[in-house]
Amino acid sequence: MRGSSAGAGHVVVIGGGVAGLAAAHRSLDRGARVTLLEASDRIGGKLLPGEIAGVRVDFGAESMLARRPEAVGLAREVGLTDRLQPPATATASIWTRGALRPMPKGHVMGVPGTASALAGVLSEEGLRRIERDADLPRTEFGDDVAVGEYVAARLGREVVDRLVEPLLGGVYAGDAYRISMRSAVPQLFEAARAHASLTEAVREVQARAAAAQQTGPVFMGIEGGVGGLPLAVAASVRARGGEILTGTPVSELRRTPAAWRVVAGDRVLHADAVVVAVPAPAAAELLRAEAPAAATELAAVEYASMALVTLAYRRADTALPEGSGFLVPPVDGRTIKASTFASQKWSWIADQDPDVLVLRTSVGRYGETEILTHDDDHLVAVSRHDLREATGLTAEPVETRVTRWNDGLPQYPVGHHERVARIRAHVAGLPGLAVCGAAYDGVGIPACVASAYAAVDQLAGDPRGVEELTANPVQSLHGGAGE
């Protein structure tokens with residue numbers, strides 16, 4: 001908030017997802033007067049609490065990375081400390097080559113430090129191919145490279161198809177052969193630039209992680225659902241005098257000599273600063289008049305659609321394998337890409353009703369849109385078919401719910417970091433304007449919160465957060481299975 005907006009100026013936040021709410025919260029911390037405008041009839045974006053068979057669950061994201069401070073810290077600030085819970089189990093499987101197999105350890109987003117780390121998941125030929133990495137000449141890849149392309153060249157396609165692809169697909173619903181290594185797996189990207197051998201680079205990342213001696217759970221949930229986080233942030237914003245308006249789409253954003261003019265329905269607001277915290281296509285429309293170059297870049301950001309199928313069973317009718325669930329490599333030709341055994345993963349779900357067991361599947365990937373044209377009954381049927389094939393589950397669910405996230409996940413192709421830097425450079429030319437959200441520096445909850453904080457801090461004259469995120473995106477890990 002440059003100039004007068006650094007103190008008690010009026011900040012308008014456009015977008016009521018977790019990034020927009022975090023930006024509103026941070027702006028209040030800096031003494032601003034805040035108005036948040038959300039086009040839909042609810043806040044929370046991809047965080048959606050709900051209920052099935054009388055049990056509270058998440059119908060969107062279900063966990064947040066705890067090894068980053070932003071999301072857990074925000075939860076604590078808004079009074080959720082006592083509700084923070086780690087997963088009851090972090091043991092997951094991968095459904096590949098006809099069987100559920102234990103999820104390997106000793107890898108970085110599916111990329112192993114040694115061939116033996118993937119024993120049991122890869123074929124003998126695939127394991128031998130990994131061992132050739134040490135003898136291959138350095139692979140030059142410049143400023144960026146697709147994860148799948150680079151890993152396949154070093155370790156063989158089987159590593160990508162059987163492990164990297166399902167792990168990255170669980171985060172981005174994307175294609176590993178398109179996803180940017182620099183943006184999606186930044187620590188490995190930097191290590192790979194310093195080593196001729198990819199497995200050696202992985203071992204360096206692992207050694208640095210071990211030296212950091214991070215303790216505690218990798219992921220964290222919230223009793224009652226992660227979907228409760230945006231509700232708690234909104235309550236905190238309102239309690240401190242912030243205004244939150246839902247069902248209020250913004251139709252115009254223009255710069256006047258003294259301020260910003262924001263038109264939302266029949267309201268015209270004048271703001272010292274504006275934070276645009278909406279998905280890239282909506283941001284492109286809002287910025288077209290004042291920042292056309294940024295709008296062009298934002299319009300080029302692609303999104304993937306997916307659906308979550310939540311199923312509730314009588315526990316007495318089920319006999320699931322142990323663990324939190326499983327991932328599914330696309331190469332195996334299955335319809336679902338993952339399943340979470342929610343009642344086994346989260347004790348707060350199981351404790352609500354011991355007689356009910358909840359699980360969910362995810363369907364749909366980037367470029368795989370045909371399956372999502374089918375109705376909800378079909379998505380439930382194909383999910384039940386794959387669950388039966390994977391686990392032997394034949395019981396009839398007592399209730400089902402399909403949640404569709406159309407254009408829900410931004411894609412990070414090769415060159416994404418450069419696009420983000422260009423967008424921010426164009427936006428920085430306009431005083432009192434910033435952008436944040438999942439389209440920039442990471443798709444997980446901590447990344448969205450970090451993006452929001454950096455945007456607000458930049459407006460207050462502190463560019464360090466934006467510079468750090470642009471240089472080092474937040475890696476979004478997969479939260480076990482079915483995230």
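Modeller: Happy to! Two strands are taken as paired if DSSP finds at least two bridges between them. The strands themselves, like the helices, are DSSP runs numbered from the N terminus (E, at least two residues, for strands; H or I, at least four, for helices). This is a predicted model, where local features need pLDDT of at least 70 and side-chain atom pairs count only at pLDDT 80 or more, while totals for chains, interfaces and linings use all residues. Residues are numbered from 1 along each chain as its sequence is written, and side-chain values use heavy atoms, with hydrogens and water left out.

Let's begin inside the sheet. Strands S19 (residues 336-340) and S20 (residues 356-363) are antiparallel partners joined over 4 bridges; in one of these strands, S20, Ser362 is the bridge partner of Ala338. Both belong to an open sheet of 7 strands with mixed pairing, in the order S8-S7-S18-S19-S20-S17-S21. At its edges are S8 (99-102) and S21 (399-410), each pairing on one side only. Neighbouring strands are turned by 30° against each other on average, direction ignored; axes are lines fitted to C-alpha atoms, for helices over the stretch in contact, and angles run from 0 to 180 degrees between N-to-C directions.

Helix H5 (residues 157-172) lies across S7 (92-96), S17 (303-314), S18 (325-327), S19 and S21, at about 115° to S7. Contact here means heavy atoms within 4.5 Å.

Leu409 is classed as buried because its relative accessibility is 18%, and buried means under 20% relative accessible area with a 1.4 Å probe, protein chains only. Setting aside residues up to four places away in sequence, Leu409 touches Val171, Tyr172, Ala173, Glu302, Tyr303, Ala304 and Met306. Its C-alpha atom is separated by 26 Å from that of Ala390, 19 residues apart along the chain.

S20 also leads us to a cavity: along with S4 (55-58) and H13 (347-352), S20 gives two or more residues to the lining of the largest cavity. A cavity is a set of points on a 1 Å grid over the protein atoms alone where a 1.4 Å probe fits but cannot get out, and lining residues have an atom within 4 Å of a point. The largest cavity holds about 70 Å³ of space, a volume being the space filled by probe spheres set on the points, which are joined across faces, edges and corners. Among its lining residues are Val358 and Arg360.

Definitions and conventions: On a 1 Å grid over the protein atoms alone, a cavity is a set of points where a 1.4 Å probe fits but cannot get out, and a pocket is an open set with protein on both sides within 12 Å along at least five of seven lines; lining residues have an atom within 4 Å of a point. Buried means under 20% relative accessible area, exposed over 50%, partly exposed in between (1.4 Å probe, protein chains only).
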